[in-house]
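Please read them with the structure open.

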Amino acid sequence: MARLTSRFWVDAYLARLRFADIPGFVVAHGDDTGGAVLIKLNTLDGRAALFQRSFDLMADTRVWAELAGGDEPDVDAAITRQRGFDPDIWVIEVEDRQGRHLLDQDGLA
């Protein structure tokens, strides 16, 4: 089965965010072809959550799992650790006071 490149997925995700009037920014540009993607949701109140795409074996599907959550500096530290393991990771920051990230929409898993 053919897979989308990371760059294509990121561009499409940012377009969906713009369409919903949700600010989203590339914080770290990863590998265009196969880099993993982390999504940082910043609720602009000092709190944040970090999401990573993973595979749910029980449901046989891809899902977005929360990798870290809490105070924003703690989430930023988790991002730094992940980038230390894999410098090809993309990091996208989404800023929304309502906590919207759109990762639960069709086509984004």
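1. Overall make-up. The chain contains 2 helices and 5 strands. Their order along the sequence is α-β-β-β-β-α-β. The model is a predicted one, and the points below should be read with that in mind.

2. Dimensions. The radius of gyration is 13 Å, close to the 13 Å that the globule rule gives for 109 residues, so the chain is as compact as a globular protein of that length. Along the principal axes, the C-alpha atoms fill a box of roughly 40 × 35 × 30 Å.

3. Burial and surface. Of the 109 residues, 36% count as buried. Among contacts with a separation of 6 or more, 68% are between residues 24 or more positions apart.

4. Strands E2 and E3. Strand E2 covers residues 37-42, and strand E3 covers residues 47-56. The two pair in the antiparallel sense over 5 bridges. Within this pairing, Lys40 stands opposite Leu50 in E3. E2 and E3 form a hairpin with 4 residues between them, and Leu44 in the turn has a positive phi of about 60°.

5. Strands E3 and E4. E3 also pairs with E4 in the antiparallel sense, over 10 bridges. Here Leu50 stands opposite Ala68 in E4.

6. Aromatic pairs. How many aromatic pairs does the count come to? The count is 2. In one of them, the ring centres of Trp9 and Tyr13 are 5.0 Å apart with the planes at 20°; the angle is under the 30 degrees used as the limit, so the pair is stacked. Trp9 and Tyr13 are 4 residues apart in helix H1 (residues 6-19), which means that about one helical turn separates them. Both residues are buried.

7. The pair of Trp9 and Trp64. This aromatic pair is tilted, with 5.5 Å from centre to centre and 35° between the planes. It links distant parts of the chain: Trp9 lies in helix H1 and Trp64 in strand E4 (residues 61-71), 55 residues apart. Trp64 is buried, as is Trp9. Through the ring pairs, Trp9, Tyr13 and Trp64 are linked into a cluster.

8. Glu93. Is this residue buried or exposed? Glu93 has 13% relative accessibility, so it counts as buried. Glu93 is placed in strand E5 (residues 90-95). Its side chain makes a polar contact with the side chain of Asn42, at 3.0 Å. Beyond its neighbours within four places in sequence, Glu93 is in contact with Pro23, Gly24, Phe25, Val27, Lys40, Asn42 and Glu72.

9. Gly30. This residue is in the loop between strand E1 (24-28) and strand E2 (37-42). Gly30 counts as buried because its relative accessibility is 9%, which falls under the 20% cut-off. Leaving aside neighbours within four places in sequence, Gly30 is in contact with Asp88, Ile89 and Trp90. Gly30 and Gly99 are 69 residues apart in sequence, and their C-alpha atoms are 24 Å apart in space.

How values were computed: Residues are numbered from 1 along each chain as its sequence is written. This is a predicted model: local features need pLDDT of at least 70, side-chain atom pairs count only at pLDDT 80 or more; totals for chains, interfaces and linings use all residues. Side-chain values use heavy atoms; hydrogens and water are left out. Rings of Phe, Tyr and Trp (its six-membered ring) pair if their centres lie within 6.5 Å; planes under 30 degrees apart count as stacked, over 60 as edge-to-face and the rest as tilted. Buried means under 20% relative accessible area, exposed over 50%, partly exposed in between (1.4 Å probe, protein chains only). Contact means heavy atoms within 4.5 Å. A polar contact is a pair of N or O atoms within 3.5 Å; within protein, one must be able to donate a hydrogen and the other to accept it, and residues adjacent in sequence count only if both atoms are side-chain atoms. The radius of gyration is taken over C-alpha atoms; the globule rule is 2.2 Å times the number of residues to the power 0.38. Two strands pair if DSSP finds at least two bridges between them.
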